Amino acid sequence: MDIILIFERLDRLERLLTANKEVLTFEETCDYTGISRSYLYKLTASGNIPHSKPNGKMIFFEKCKLNDWLLQNSRKSHAEITDDTLKYTFKNRR
């Protein structure tokens with residue numbers, strides 16, 4: 001039971017350390033985004049995800065660019081659509 005508790009604490013510490021980093025490695029990016037290794041390789045090979053390869057071998061990701069990429073193509077909720085509709089209607093009254 002003690003070993004399981006120790007491993008859980010280590011995992012929690014690793015997540016906290018990753019949360020404070022600006023630049024993530026490939027493995028850290030997989031953990032951070034929840035994307036599998038094979039799919040992340042496909043995304044980097046096709047240039048669909050922002051990344052850098054400073055020495056031509058290792059791949060690094062900026063956390064702020066990853067967040068922007070993850071949040072692209074957002075969809076409005078029903079409440080936002082209703083609010084926008086009301087604003088448009090009142091704005092264009094005759």
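**View 1. Residues that line the largest pocket.** In this predicted model, the lining consists of Glu14, Arg15, Thr18, Ala19, Glu28, Asp31 and Tyr32. A pocket here is an open set of points on a 1 Å grid over the protein atoms alone, where a 1.4 Å probe fits and protein lies on both sides within 12 Å along at least five of seven lines; lining residues have an atom within 4 Å of a point. The volume of the largest pocket is about 200 Å³, taken as the space filled by probe spheres set on the points, which are joined across faces, edges and corners. Helix H1 (2-19) and helix H2 (26-33) each supply at least two lining residues, and H1 gives the most, with four. Helices are DSSP runs of H or I with at least four residues, strands are runs of E with at least two, and both are numbered from the N terminus. By class, the lining has two nonpolar, one polar and four charged residues. Ala, Val, Leu, Ile, Met, Phe, Trp, Tyr, Cys and Pro count as nonpolar, Asp, Glu, Lys and Arg as charged, and the others, Gly among them, as polar.

**View 2. The salt bridge of Glu28 and Lys21.** Glu28, one of the pocket-lining residues, forms a salt bridge with Lys21, and their closest N and O atoms are 2.8 Å apart. A salt bridge is a side-chain nitrogen of Lys or Arg within 4 Å of a carboxyl oxygen of Asp or Glu. The structure holds five of these. Glu28 is buried, at 19% relative accessible area, whereas Lys21 is partly exposed, at 32%. Buried means under 20%, exposed over 50%, and partly exposed in between (1.4 Å probe, protein chains only).

View 3. Lys87 is exposed, with a relative accessible area of 53%; Asp83 is partly exposed, at 36%.

View 4. Asn20 sits in the loop between H1 and strand E1 (23-25). Asn20 is exposed, with a relative accessible area of 65%. Asn20 and Asn67 are 47 residues apart in sequence and 14 Å apart in space, C-alpha to C-alpha.

**Notes to all views.** Residues are numbered from 1 along each chain as its sequence is written, and side-chain values use heavy atoms, without hydrogens and water. Local features need pLDDT of at least 70 and side-chain atom pairs count only at pLDDT 80 or more, while totals for chains, interfaces and linings use all residues.
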